Amino acid sequence: MRLERHGSVSVLPVMAAPAEYGDHLRARIDPLMTGIGPVEGAVVLTAALARLEAAGDLPDLIVSLGSCGSRVLEHAAVYQASSVSYRDMDASPLGFAKGVTPLLDQPAVLPLPCPIPGVPTATLSTGANVVSGAAYDAIDAEMVDMETWALVRAAQTFGLPLIALRGVSDGRAELKALEDWTATLHHVDQNLAAALDRLAAVLEAEGLAALEIPAPQGQDPAQSLAPDSTS
């Protein structure tokens with residue numbers, strides 16, 4: 001793991017799986033590897049940020065990179081996640097809206113900054129299941145992954161913004177084997193690296209002001225990034 005610096009901005013790159021970390025990204029970053037899924041993502045990133053905070057070396061920004069599934073977006077293309085939801089959370093029998101964590105002052109959908117010109121945006125859903133085939137029918141988002149919501153919540157705890165870049169690795173056809181995910185990852189790696197280069201240029205030119213970090217409805221940006229007293 002290595003913090004990157006672009007102008008005045010220090011960046012912690014985060015990825016989930018070595019399979020997504022190809023030659024193009026290896027030439028640019030040494031990311032924190034969390035492992036796959038929301039639990040691993042939250043545990044590993046929180047522990048890493050706690051160590052960095054104790055050392056007085058917290059980054060200014062977290063950049064999450066990896067693959068995603070989508071049956072509506074361009075295959076192998078990279079998207080900035082404009083928002084993220086948590087599809088595993090369903091306390092609706094208790095009267096809470098689906099996606100809302102009970103007794104936590106957070107909306108069902110968290111907006112994310114999208115500062116990179118020329119890189120398209122899309123909505124994202126995080127959960128612990130691999131989505132395939134008809135399972136997409138139940139998801140109200142354009143792409144799916146297994147870590148971003150958890151990473152955002154960990155980042156919020158330390159008052160840090162997070163950008164999520166996702167390359168579409170699968171979704172056109174039903175997944176039947178590991179190779180159905182990994183076959184496209186070399187293209188995703190190349191496109192993620194290109195998006196990362198664009199992000200570096202934006203940060204060097206504009207710093208954190210480029211993020212224009214959105215806030216959930218009814219909150220101001222400072223509140224949306226503050227450590228959560230209930231977590």
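How much space lies in the second largest pocket? About 280 Å³. A pocket here is an open set of points on a 1 Å grid over the protein atoms alone, where a 1.4 Å probe fits and protein lies on both sides within 12 Å along at least five of seven lines; lining residues have an atom within 4 Å of a point. The volume is the space filled by probe spheres set on the points, which are joined across faces, edges and corners.

Before going on, a word on the model: it is predicted, so local features need pLDDT of at least 70 and side-chain atom pairs pLDDT 80 or more, while totals for chains, interfaces and linings use all residues. Residues are numbered from 1 along each chain as its sequence is written, and side-chain values use heavy atoms, leaving out hydrogens and water.

**Stop 1: the second largest pocket.** Select Ser85, Arg87, Lys98, Ser125 and Asp140, the closest to its centre of the 19 residues that line this pocket. Now colour strand E5 (78–86), which gives the most to the lining, with 4 residues. Strands (E, at least two residues) and helices (H or I, at least four) are DSSP runs numbered from the N terminus.

**Stop 2: an aromatic pair.** Stay with E5 and show Tyr86 together with Trp149. Their rings are stacked, 5.8 Å centre to centre with 15 degrees between the planes. (Rings of Phe, Tyr and Trp, the last by its six-membered ring, pair if their centres lie within 6.5 Å, and planes under 30 degrees apart count as stacked.) Because Tyr86 is in strand E5 and Trp149 in helix H3 (residues 148–157), the pair ties together parts that are 63 residues apart in sequence. Trp149 is buried, at 5% relative accessibility; buried means under 20% relative accessible area with a 1.4 Å probe, protein chains only.

**Stop 3: the largest pocket.** Its volume is about 340 Å³. Pick Ser67, Val130, Met146, Asp170 and Trp181, which lie nearest its centre among 22 lining residues.

**Stop 4: helix H5.** Select residues 185–206, the 22 residues of H5, reaching 31 Å from the first C-alpha to the last. Among its buried residues are Leu185, Leu192, Leu199 and Leu203. Finish at Gly207, which follows H5 and has a positive phi, near 65 degrees.

Conventions. The expected span of a helix is 1.5 Å times one less than its number of residues. Buried means under 20% relative accessible area, exposed over 50%, partly exposed in between (1.4 Å probe, protein chains only). Rings of Phe, Tyr and Trp (its six-membered ring) pair if their centres lie within 6.5 Å; planes under 30 degrees apart count as stacked, over 60 as edge-to-face and the rest as tilted.
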